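Here's a short tour of one protein structure, written for someone new to reading them. Have a look at it first, then read on.

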Amino acid sequence: MARRRIHRRPRVCMVSLGCAKNLADSEAMLGQVMAAEPTALVCAEPQDADVVVINTCGFLGAARDEADETLDAVERLQAEGHVVRIVAVGCYPQLWREQVLKRHPGLYAVMGVDAMYQKAFWEGLLKQVPPPGVERPVDLDAMRAFEAPRLLSGSGSYAYLKIADGCSQRCTYCTIPRIKGPLISRSPDTILREAEQLVQAGATELILVSQNTSAYGMDLTPEHRPQLAALLRDLDQLPGVRILRVLYLYPTLVTQELLEVIGGSRHIAHYVDIPLQHTDPVVLRAMGRPWAAGSAARVVNRVRRIIPDAGIRSTFIVGFPGETEEQFQRLLADLRVLRLDHASAFAYSREALAVSSRFPDQVHGSTKGRRLREFMEVQQKISSSINEVRYLGRDVEVIVDGVTQSGIYGRTLLDAPDVDNTVVVQTGHKTQPVSGDICRARIAAVGPYDLDGILL
């Protein structure tokens, strides 16, 4: 009697490197794969999969190194017989395709930042068919109206909602416009439909992201006026939505209208993320950023006037070409005056494709490292002080992101995932909340990054 042949279910693993915007793209690509092959298995680890897709970052040299190291590791698994096909997509192959192909000649397919839109490729990925030879071009209308099922990869407490891609600013240190191109906003109807699907999938919090979220819609109208405030009004009315959060607001686009929408909404967290990058006018002008003296204080004061309880986050660059010790010390002094809830800094990275790579007076690496340490020491004291005043001994709402052996962990409404405060809550003998729940806890201890609480 002939034995019946058993067909094993195909297995796929998506490795998403870099930013939250990449993660949203990865979930859309994986969603297309699974929609075409519903019986496939999604694997958390590459060694368990037949096909591994690596969505890369290429913003900095360190990110490209990480992509190469990840590809190397998966190729070793392939040599051992664990992986059949490897696909590389995203920012790294967009501008450095030849470098990727030279170092990783055995890849099944290599695509750039338009990979998400290649529907035919993703639908056929798990079938035994040769991949298309080249990426199919995608026009602007198709990109703005593009919809794909999302397969969420997190705990379910939050999901990123990408509202635009690319950037039309020309910061001298940044390669994003070279990699991604100019701003391309998604249509409002497309965003609202995806938001509705994410809510139906169980996401408690939707986090709006793009390269420059506050510029949303400037490419959709003849007047080139931002449309973020209107979009937020519509999202705030979405049935079932519980929390909305907005990241990456360009300083000059943090308008009174936008802040009034955030402050007067039902569901938008009073959280304002403004990457200021520096406070010294000379450095800011060299960066190609808004450089008027006192501009950082004005925008921060505007936020606090309109949304008094706002949590404010920013990012800065230290060691930019030509930054003097006096200018750096001025940044630290301004930081102490601004008293931001959260601020992080990065040592300037010299990228060959960025205009600033050709600037004179490049700052020595050891000096950049020392300035980064000094910046973070100042901000840690500020954050600790703010956390003590805002939270210590108080009862707060906590968005549950996960479970520990002795309780849960999550965030307050004024904290974004991965970058701000983490709240660790002891549950004792009480019924333990699950990911996505919103519970109340009394904060018993605080630090610059962590809060400890007891479940109420």
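What follows covers a pair of helices and then the cavities.

## Before we start

Keep in mind that this is a predicted model.

Let's begin with helix α2, which covers residues 61-79, and helix α3, which covers residues 91-103. They pack with their axes 12 Å apart, at an angle of about 45 degrees. Angles under 35 degrees count as roughly parallel and those from 65 to 115 as roughly perpendicular, so α2 and α3 end up being called oblique to each other. Their crossing is right-handed.

Which residues do the meeting? On the α2 side you'll find Arg 64, Ala 67, Asp 68 and Asp 72, and they meet Tyr 92, Trp 96, Gln 99 and Arg 103 in α3. Sort the residues of this contact by class and you get 4 charged, 3 nonpolar and 1 polar.

## Spaces inside

Now for the cavities. The structure holds 3 of them with a volume of 30 Å³ or more. The largest cavity has about 170 Å³ of space in it.

What lines that largest cavity? There are 17 lining residues, and the ones nearest its centre are Asp 25, Met 116, Phe 146, Lys 162 and Arg 186. Helix α1 (20-36) and the strands β7 (164-165) and β8 (184-185) each supply at least two residues of the lining. α1 gives the most, with 3 residues. As for the classes, the lining of the largest cavity has 9 nonpolar residues, 7 charged ones and 1 polar one.

Definitions and conventions
Residues numbered from 1 in each chain as written. Predicted model: local features only at pLDDT ≥ 70, side-chain atom pairs only at ≥ 80, totals over all residues. Heavy atoms only, no water. Axes fitted to C-alpha atoms, helices over the stretch in contact; angles between N-to-C directions. Helix = DSSP H or I, 4+ residues; strand = E, 2+ residues; numbered from the N terminus. Parallel < 35°, antiparallel > 145°, perpendicular 65-115°, else oblique. Left-handed = near helix turned anticlockwise from the far one by under 90°. Contact = heavy atoms within 4.5 Å. Nonpolar A, V, L, I, M, F, W, Y, C, P; charged D, E, K, R; others polar. 1 Å grid on protein atoms, 1.4 Å probe; cavity = no way out; pocket = protein on both sides within 12 Å on 5 of 7 lines; lining within 4 Å. Points joined across faces, edges and corners; volume = space filled by probe spheres on them.
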